[in-house]
Amino acid sequence: MRHLITGLLMATALSVVAPVAAAAKTVTVEERSISELQMMMRAGRASSVDLVKAYLARIAAMDRPVKGGGPTLRAIIALNPDAIAQAKALDAERKAGRVRGPLHGVPILIKDNIETADAMPTTAGSLALKDNMTRRDAPVVAALREQGAVILGKTNLSEWANIRSTQSMSGWSAVGGLVRNPHALDRTACGSSSGSGAAVAASFAAAALGTETDGSVTCPAAINGIVGLKPSIGLVSRTHVVPISHSQDTPGPMARSVRDVATLLSAMVASDPADPVTAGAVTKDYAAGLSTSALSGMRVGVVRPKAMNAALTATFDAALSVMKAAGAVLVEVTPPTLDGLGDAEFTVLKTELKADLNSYLATTPPAVKTRTLADVIAFDKEHAAEEMPFFQQEIFEDAMTTKGLADPDYKAARAKSLRLAGVEGIDAMLKTANAQILVEPSYGAAWLSDPVYGDQYNGPSASELPAVAGYPNLTVPMGLVGGLPVGMSFIATKFGEATVLGAGYAYEQRAKARVAPRDLPSADVGPGLAGVR
């Protein structure tokens, strides 16, 4: 079944790509920013249709090349058969004098747990949702479409956003296979927004949407060498997004620059009556306020995790030197001991997974036969060869034992996790340093993809506290460690997006630390291992 579905999806993709590959040769989209694409269209050097064709040709050559020769990144699950038609309509609007904004005519990719009204199912990577053709836009997608974005396709992901098993291999899904990191093909692309991270790094689109519950935007962004923002909870709608946790889930923008992330975020923010936590969301232009002087005089709390090796420490120190030269006042902060945070968060995630996923599945089309989490578990057992060749579903099974959102133990766990991550965590560190933001390494470098032992997180992680507290977390490239990208996280209190984007932009413009991927078969670690096999 997996091969059948993948074949059907790629047949759709190839039917779009094949007729246009030759026409795309005159337009170069690799490493182009959103503003550069706009300048090309404004100057008449390219149309939106030209851009779509160029990206489709690049995807055809590199994502799952039929005749070989490409890196086979598997970042894309499905391409939108209506992308060219959408681009034509937007070109006609531009010709008539209407330009909707900075995203007008720009191709964007969407993680495949976010619904779009296009002729593509929303699978979350699972064969259980292969028929989930809802024909409805998530409000965040509708907002991008209203601003003129072209929905190019859907990206691969860690199946079910990586909530099925503690032994999972990030970037793998039964529908899409394993996403490969374009910097080193044997290394993880992290997850769960693996395809979005790899696709943006490989210039399959100008930008992409991911989602995060805890690390699912920031990890693949950092490890694929791009910029990613996990917004504050309440800023971006989660309606029609396959859920894990209403306390922590959020879509987030991913791109190759801070400015492009800010541009995408500006189009995403909106109040959604169906998602009450967004009642206070205020639309604003986050890109307009970006300045290279944002770090001048800013007090920055510096967090040094214990799990840093010498190379990562040296890279982080170099990044801090750039910030200091930009005028930042750096204050070292000792991370507090937050006993019980992980267990409390896990209780919250499992409880909300059962409740929220059951609610979502009840809204899917009749063709979707898995209407509850219990149905999904049964489906996976029935199709174990396709769904569970590498790891099982023990988190799903644990979630089935939870007692619902009224359970006092769940409520206590949520209160505890919020207190530890917010008041006693981020808030306390900012107060101690009298700082506006915290910075720390986002993650260590990418580990080897391993179907036997699963993910091997062998370094620091900056995601948990802002994820649980609902605060913004921006990761920006800070260089290479062992030939692999690493990022630095900029963290602030709730709705501090303008602050982290401003600081991240000022750092990025001075550091120029991002390195474009080279599709190497393995990490380029230099001459030290020359001759070793």
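## The central sheet

Eleven strands come together here in an open sheet with mixed pairing, in the order 1-3-2-6-8-7-12-13-11-9-10. At its edges stand strand 1 (76-79) and strand 10 (329-333), each with a single partner strand, so one side of each is left without a neighbour in the sheet. Ignoring direction, neighbouring strands of this sheet are turned by 30° against each other on average. Two strands pair if DSSP finds at least two bridges between them. Helices (H or I, at least four residues) and strands (E, at least two) are DSSP runs, numbered from the N terminus.

This is a predicted model, in which local features need pLDDT of at least 70 and side-chain atom pairs count only at pLDDT 80 or more, while totals for chains, interfaces and linings use all residues. Residues are numbered from 1 along each chain as its sequence is written, and side-chain values use heavy atoms, with hydrogens and water left out.

## A pairing inside the sheet, and helices upon it

Contact means heavy atoms within 4.5 Å. Axes are lines fitted to C-alpha atoms, for helices over the stretch in contact, and angles run from 0 to 180 degrees between N-to-C directions.

## Two helix pairs

Two packed helices are described by the angle between their axes and the distance between the axes. Helix 2 (residues 34-42) packs with helix 3 (residues 48-62) at an angle of about 130°, and their axes are 9 Å apart. That makes helix 2 oblique to helix 3. Angles under 35 degrees count as roughly parallel, over 145 as roughly antiparallel, 65 to 115 as roughly perpendicular and the rest as oblique. L37, M40 and M41 of helix 2 make the contact with S48, L51 and Y55 of helix 3. These contact residues divide into five nonpolar, one polar and no charged. Ala, Val, Leu, Ile, Met, Phe, Trp, Tyr, Cys and Pro count as nonpolar, Asp, Glu, Lys and Arg as charged, and the others, Gly among them, as polar.

For helix 5 (residues 139-146) and helix 8 (residues 258-268), the packing angle is about 110° and the axes lie 8 Å apart. Helix 5 and helix 8 are therefore roughly perpendicular to each other. Here V140, A143 and L144 in helix 5 meet L264, A267 and M268 in helix 8. The residues of this contact are six nonpolar, no polar and no charged.

## Pockets

On a 1 Å grid over the protein atoms alone, a cavity is a set of points where a 1.4 Å probe fits but cannot get out, and a pocket is an open set with protein on both sides within 12 Å along at least five of seven lines; lining residues have an atom within 4 Å of a point. Grid points are joined across faces, edges and corners, and a volume is the space filled by probe spheres set on the points.

The largest pocket has a volume of about 750 Å³. Of its 28 lining residues, N162, D214, E345, L349 and Y457 lie nearest its centre. Helix 10 (residues 341-361) provides the largest share of this lining, four residues. The lining divides into eleven nonpolar, 13 polar and four charged residues. The second largest pocket holds about 450 Å³ of space. It is lined by 19 residues, with P335, P336, L338, E440 and L465 closest to its centre. Helix 15 gives the most to this lining, with three residues.

## Cavities

By the cavity rule, there are five cavities of 30 Å³ or more. The largest cavity contains about 70 Å³ of space. Among its 13 lining residues, N113, T211, V241, V242 and D249 lie nearest the centre.
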